[in-house]
Amino acid sequence: MQYHSPTSFDAAVQLAQDATGVTRFLAGGTDVLVQMRAGMVTPDVMIDVKKIPGVKDCVRHADGRWVIGIAVSGAELGANAELVADWPGVVEGMELVGSTQVQGRATLVGNLCNGSPAADSVPGLVAAGATVRVSGPNGVRQVAIEDIPAGPGKTTLAKGEMITAIELPPRGDSGGDCYLRFIPRTEMDIAVVGCAINVVLEGDKITSARIALGAVAPTIVVVPEAADAIIGTALDDGALEKMVAAVRAACRPISDKRGTAEFRTHVAGVLARRAAETALRRAKGEKA
Amino acid sequence: MAKDNVNEFRLIGTRPDRPDGLDKVTGRARYGADISAANMLHAAVVRSPHAHARIVKIDATKALALDGVKAVVTRADFPTGLTGEDWNLQENTIAGDVALYDGHAVAAIAATSALLAKDAAKLIDVEYELLPHVTDVDKAMAPDAPIIRQGAADASVPEGLHPNVVKYIEFGHGDVDDGFAKADLVMERHYKTEAAHQGYIEPHACLGQLGEDGKGDMWVCTQGHWYIRRMCAAVLGLEGSQLRVTPSEIGGGFGGKTTIFMEPLALALSRKAGGRPVKLVMSRSEVLRATGPTASASMDVKLGMTKDGMLTAGKANFRMQGGAFPGSPVDFALYCGFASYQIPALFHQGYDVIANRPKCAAYRAPGAPMGAFAVESLLDEMCAELGLDPLDVRLKNASVEGSKSSYGPKFGSIGLVETLEAAKAHPNMLAPLGPNQGRGIATGYWFNHGGDTSVSAALSEDGTLQVSVGTPDIGGSRASIALMAAETMGIPYENVRVNIVETGALGVNEPTHGSRATFASGKATVEAVQGIIKEMCRRVASEWDIDPEAVTWVDGSAQPAGPNAGKFPPMSIAEIAGKMSETGGPIAGHCETVPEGVGASFGTHVVDVEVDPETGYTKILRYVVVQDAGRAIHPAYVEGQYQGGAVQGIGWALNEEYIYDDMGRLQNPIFLDYRVPVASDLPMIDTVIVEVPNPGHPYGVRGVGETGIAPPLPAIANAVAAATGERFYHLPITPVKIVAALNARNDS
């Protein structure tokens, strides 16, 4: 195995482009090192991104946008009070990944590029409308989070491409988000179902919303019909019911050792209602 | 809860620091994988990916061609002609003609590094021919089930049953038909439990060395190194005494480390590699796929009860699969099922069944949790039906000293009633319950075992004491034995060191199993220490020139027995030890015994749960374990045993299970998906130590380690039933099952 630790994105992209055989990027390593130990993957080329300047930065720009480096750990996100105030749902999704030890290493981009439909940090990013900056042989492009995963263990990134930063849009006033997942234990488990909801209010009324589901299809599912059901409402019972029905209708889960398709579909609706209520409370500035 | 003589003892019942504490928190303790030797090789095992397959060919040419690969062994490297359990052990260690389960070892390899061994193992080419398989106990008994092995059944099996039924038992007393006729309510239910693994944190690990002269050494993580010695010798055709086995510190066993799994492979590889030591360490996935979980069970129970709550009759028909070999604990499940109650008429039937799963091993009170789940669930359901208080009904029918046990003999001194009364008086019984919350209670029973026991104790020149025992310390036995030795000798706890010694240092010892270590090694230690006291008194008598009977031992020194014995100042143990070389040489005591006077232990658990009716998530709100310890030598360790049993039972009840796909492959051989409870899943488990001393032990000890895992299964099922209004007959009671049941009710 070749191990590289480039000091610029250009160099990293070049290495990735030139690599032959199985190539893996290494940030926190909480997926790739575990997969190597389990014999699931034996990379020929490993490109460690942690020596690249700026990858540990997490910055709010003047316009309110957040740019998060690709090696910022979950623990660092959780310790960033301003980020937590703006995007509590994004941060709580990331903080559900693994243990305290894992939190010291694991990154948002790693969680995204692992390609798991059950990734806890991804629905929150999708609901937030986050994007990633992708560098590759053909230059730089900005891609919506939901366009990165291509199915379990797969991404849409081409050979030689890598993500160089995550961007969260300006939070603005009167917005709130929330991520909830279901596991049969309290921690150290993989989401059986996950749901993130992001809402923006004007007065009492929801003016925009995004709803994303995890672990109910091969990739994260965005459910515009569910968002439409609550946009223009104050989240009354009727709106919630329509939203829950739309969420359940969008589920295409499998039955496996972690849960049945029926269970996942049912619980997706339960989590959506609870997440919507919490997101609304947060948008109103209430503690939740 | 101690009833009498609170100040009877100087040390018994105190909570001194554990002797292994500093080693464990500093990382100095040496576990199985920490043992290394010069020139050591590392081993890896090739395992069957199939549930049932004929082994057509094993080709290791490519692996052996790698630089650094030193040996490959297959079944051809083991002796033939073994019979009975020895053959079972050999066959489970390494498959013969047929791989019997997903994970069954088919070859092993030794190389100069662990990485090389792992890579080389992948180059061993094994050709399989798939055979039909079966993993479910009921399906394995069905007429059309694939036959796993002809001739595995013993003479107990009635004619006409499937060859996968390898043992049958039945027993009982009284007229059950008459008993059911006298009942106001007769109920019969079907129950199932899934296989659960002991889940010890330390995977199996050993270092084995064996020369062509048949002399060998093994360092191994085990609950019983004499068993390792005997089993390895049998599987490899060695002489027992030529193999010396040294136990490591142990990171959990719970019964699963009372037998061999891969130890003979390390020795066989060593022998083939010219006697170089070979280290073999299992991964977690190997532990789950290839070491023994407990059995899965399918059970029918019928009970008769009068409208005032008296049990009139009971019937139990249990079927258990314990993997591809005989040995499921169906017998013990039946012995324990009704043991808490005096029931005039009982009939038990049990079927031991083989299936394409790993060979089951002992797991904490083997069989008792399944039996308790079935019987205590049914009892609870009947109490609800008749509007009776479940705790009062249990008190009304409770077994007591002198009553006939459900499995035959009369009970000696037991403390079931005391645990029920203590549970009834516990503040948790009065805690208010909110919506979706429910309370469950259940009792449980386990035996205590004597077993071959050999202990020696020796005085050091400074008057301190070393005790050598052969029962590995899996739950505090070193501290408890040191307390008993110090109490008996009249010296400080800190002046005693208890060592777990290797097979070359003592007579044969059974493992730490059957809740026996503190009882059996403790009782033998007291006898060995009394031997030392007797010898010290003899030497002092000789110096004082009086009869040995005229010297008595008080508070750690020899004194004249009375005014007639003469006037001598007390002679301390340090003084006696300091001159033992001049007074006759080393002073030591020993005891070889199969201790009698075992003390069985009953427990009563009370649990409150809250079930989220929308997601089916069950939260444990409160949990209290009440159990009879006889006498708690070191109460903190006793509490630890109670809590540990409860937690393992909670896992078994709610989430733990072996999940197989339709090809018979284990789907969850990893702690991510084999879901033992994590710390944040649990409240503090409260404990109440009831002390009804065991008259068969000098300090009243009962076995306390195992009983605690039996009541949680039914207690939680009963609490979930109370919280949801739905009764679950099939463990684990997962969120998926709860949501399915509640949604079905809402739809209807």
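The model is predicted. Chain A holds 11 helices and 14 strands. In chain B, strand β15 pairs with β7 in the antiparallel sense and with β14 in the parallel sense. The domain assignment of chain B gives a domain 1 in two segments, 367-448 and 599-747, and a domain 2 spanning 453-593.

**Chain A: overall form**

- Chain A has 288 residues and a radius of gyration of 19 Å, which agrees with the value near 19 Å for a compact globule with that number of residues.
- Along the principal axes, the C-alpha atoms of chain A fill a box of roughly 60 × 45 × 35 Å.
- Buried residues account for 50% of the 288 residues in chain A.
- Take the contacts in chain A between residues at least 6 apart in sequence: 63% of them join residues at least 24 apart.

**Chain B: strand β15 and its partners**

- Strand β15 of chain B runs over residues 345-353; 7 of its 9 residues are buried, so the strand is largely enclosed by the rest of the structure.
- Strand β7 (residues 165-173) of chain B pairs with β15(B) in the antiparallel sense, over 8 bridges.
- On β15(B), B:Y351 stands opposite B:Y168.
- Strand β14 (residues 311-321) of chain B pairs with β15(B) in the parallel sense, over 9 bridges.
- B:H348 in β15(B) is the bridge partner of B:A316.
- From β14(B), the chain crosses through helix α10 (residues 330-337) of chain B to β15(B). This β-α-β crossover is right-handed.
- In a regular strand, side chains alternate between the two faces of the sheet.

**Chain B: domains 1 and 2**

- Domain 1 of chain B comprises 367-448 + 599-747, and domain 2 of chain B comprises 453-593.
- The C-alpha centres of domain 1 of chain B and domain 2 of chain B are 40 Å apart.
- Their contact draws 17 residues from domain 1 of chain B and 14 residues from domain 2 of chain B.
- On the side of domain 1 of chain B that touches domain 2 of chain B, helix α18 (residues 635-654) of chain B gives the most, with 3 residues.
- The residues on that side of domain 1 of chain B divide into 8 nonpolar, 8 polar and 1 charged.

Note on methods: Residues numbered from 1 in each chain as written. Chains lettered and ligands numbered in written order. Predicted model: local features only at pLDDT ≥ 70, side-chain atom pairs only at ≥ 80, totals over all residues. Domains from an automatic or database assignment. Contact = placed C-beta atoms within 7 Å. Helix = DSSP H or I, 4+ residues; strand = E, 2+ residues; numbered from the N terminus. Nonpolar A, V, L, I, M, F, W, Y, C, P; charged D, E, K, R; others polar. Rg over C-alpha atoms; globule rule 2.2 N^0.38 Å. Buried ≥ 20, exposed ≤ 12 C-beta atoms within 10 Å, placed from the backbone. Pairing = 2+ DSSP bridges. Right-handed = clockwise from strand over helix to strand, strands pointing away.
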